[in-house]
Amino acid sequence: MCDLVARTGRHLQRYENGRRLVAGCIPFRYRDINDGASDDEQKKLVEVLMISSQSGPGLLFPKGGWENDETVEEAAAREAIEEAGVRGDLVQLLGFYDFKSKQPEATCRAAIFALHVKEELASWPEQSTRQRSWLTVPEAAERSRYPWMQEALVTGFSAWLENWRNGGGGGGGCVDRTER
C-alpha cells in the first residue's frame with residue numbers, strides 16, 4: 001500500500017502562450033561494471049530509468065503538469081515519485097522541449113531535468129499502472145516512445161553527461177527545443 005497520492009486533474013495547471021507547461025526528468029544512476037579491474041579502477045556505467053506508458057507501447061521518462069503551487073523543480077521531483085517511484089537530486093536543467101499533446105491542436109512545453117536517483121521506493125502512487133526499466137542510454141534511445149523524449153536523452157542528457165565527465169561541471173548543456 002502506498003501512502004503517497006498522485007495529483008490528478010488540470011485545474012491547477014500552468015499555461016503559457018496557449019501551451020501547457022510540463023516538468024519531467026531523466027532519472028539516472030551509476031552502476032559498477034565488474035570487468036576484472038582493481039577497485040581503484042572500477043568503471044561505472046550510467047543507466048537511465050524509463051517507465052511504461054499507460055496508453056500504448058514504448059517507454060517514457062516521468063513527466064506531468066507543472067502546477068501553480070509549485071516550482072518547476074518541485075513538479076519534476078513530484079512526477080519522478082508519482083510515476084516512477086524514485087527520489088533523488090535534480091542536478092541539471094537539460095532543456096525545454098515542445099511537443100503535441102494528446103488533445104487535438106494542443107501543444108505542451110516540457111522542462112526536463114537530470115535526476116540522480118538516490119532512492120527507489122518499494123511502493124509509489126502509479127505502481128499498479130507503471131513498470132520501471134533501467135536501461136543504458138542507447139537502449140533507452142531505441143525504446144523511447146516519443147521522438148522529443150529521445151531528443152532530450154540524446155542531445156540534452158548525453159551532452160550534459162559528456163560535458164560533466166570532461167570536467168565541465170554541472171552547468172551548461174541546457175537547450176531550448178521549441179517548434180516555431
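This is a predicted model: local features need pLDDT of at least 70, side-chain atom pairs count only at pLDDT 80 or more; totals for chains, interfaces and linings use all residues.
## Helix 1

Helix 1 covers residues 72-84, and its 13 residues should span 18 Å at 1.5 Å a residue. The C-alpha atoms at its ends are 18 Å apart, in agreement with that expectation. Directly after the helix, Gly 85 has a positive phi of about 65°.

Among the buried residues are Val 72, Ala 75, Ala 76, Arg 78 and Glu 79. The run from Ala 80 through Ile 81, Glu 82 and Glu 83 to Ala 84 is buried as well. The buried residues of helix 1 pack against strand 2 (19-33), strand 3 (43-52) and strand 5 (63-65), and also against strand 6 (86-100), strand 7 (107-120) and strand 8 (132-136).

## Strand 3 and its partners

Strand 3 is largely enclosed by the rest of the structure, because seven of its 10 residues are buried. Strand 3 runs antiparallel to strand 2, with six bridges joining the two. In this pairing, Tyr 30 has Val 46 of strand 3 as its bridge partner. Strand 3 is also joined to strand 8 by five bridges, again antiparallel, and Leu 49 stands opposite Trp 134 of strand 8.

Strand 4 (residues 59-60) pairs with strand 3 over two bridges in the antiparallel sense. Here Ser 52 is bridged to Leu 59 in strand 4. The hairpin of strand 3 and strand 4 has six residues between the strands, and in it Gly 56 takes a positive phi near 155°.

## Aromatic residues

The structure holds six aromatic pairs. One of them is Phe 28 with Tyr 30: the ring centres are 5.7 Å apart and the planes stand at 90°, so the pair is edge-to-face. Phe 28 is buried, at a relative accessible area of 1%, whereas Tyr 30 is partly exposed, at 28%.

Trp 134, the residue opposite Leu 49, has the charged end of Arg 29 over its ring, 4.0 Å from the ring centre.

## Ser 144

Ser 144 lies in the loop between helix 2 (137-143) and helix 3 (147-168). Its relative accessibility is 13%, so Ser 144 counts as buried, the cut-off being under 20%.

The side chain of Ser 144 reaches the backbone oxygen of Tyr 146 at 3.2 Å. Leaving aside residues up to four places away in sequence, Ser 144 touches Met 50, Leu 59, Met 149 and Gln 150. Of these, Leu 59 is also the bridge partner of Ser 52.

How values were computed: Residues are numbered from 1 along each chain as its sequence is written. Side-chain values use heavy atoms; hydrogens and water are left out. Helices (H or I, at least four residues) and strands (E, at least two) are DSSP runs, numbered from the N terminus. The expected span of a helix is 1.5 Å times one less than its number of residues. Buried means under 20% relative accessible area, exposed over 50%, partly exposed in between (1.4 Å probe, protein chains only). Contact means heavy atoms within 4.5 Å. Rings of Phe, Tyr and Trp (its six-membered ring) pair if their centres lie within 6.5 Å; planes under 30 degrees apart count as stacked, over 60 as edge-to-face and the rest as tilted. A charge sits over a ring if NZ of Lys or CZ of Arg is within 6 Å of the ring centre and within 35 degrees of the ring normal. A polar contact is a pair of N or O atoms within 3.5 Å; within protein, one must be able to donate a hydrogen and the other to accept it, and residues adjacent in sequence count only if both atoms are side-chain atoms. Two strands pair if DSSP finds at least two bridges between them.
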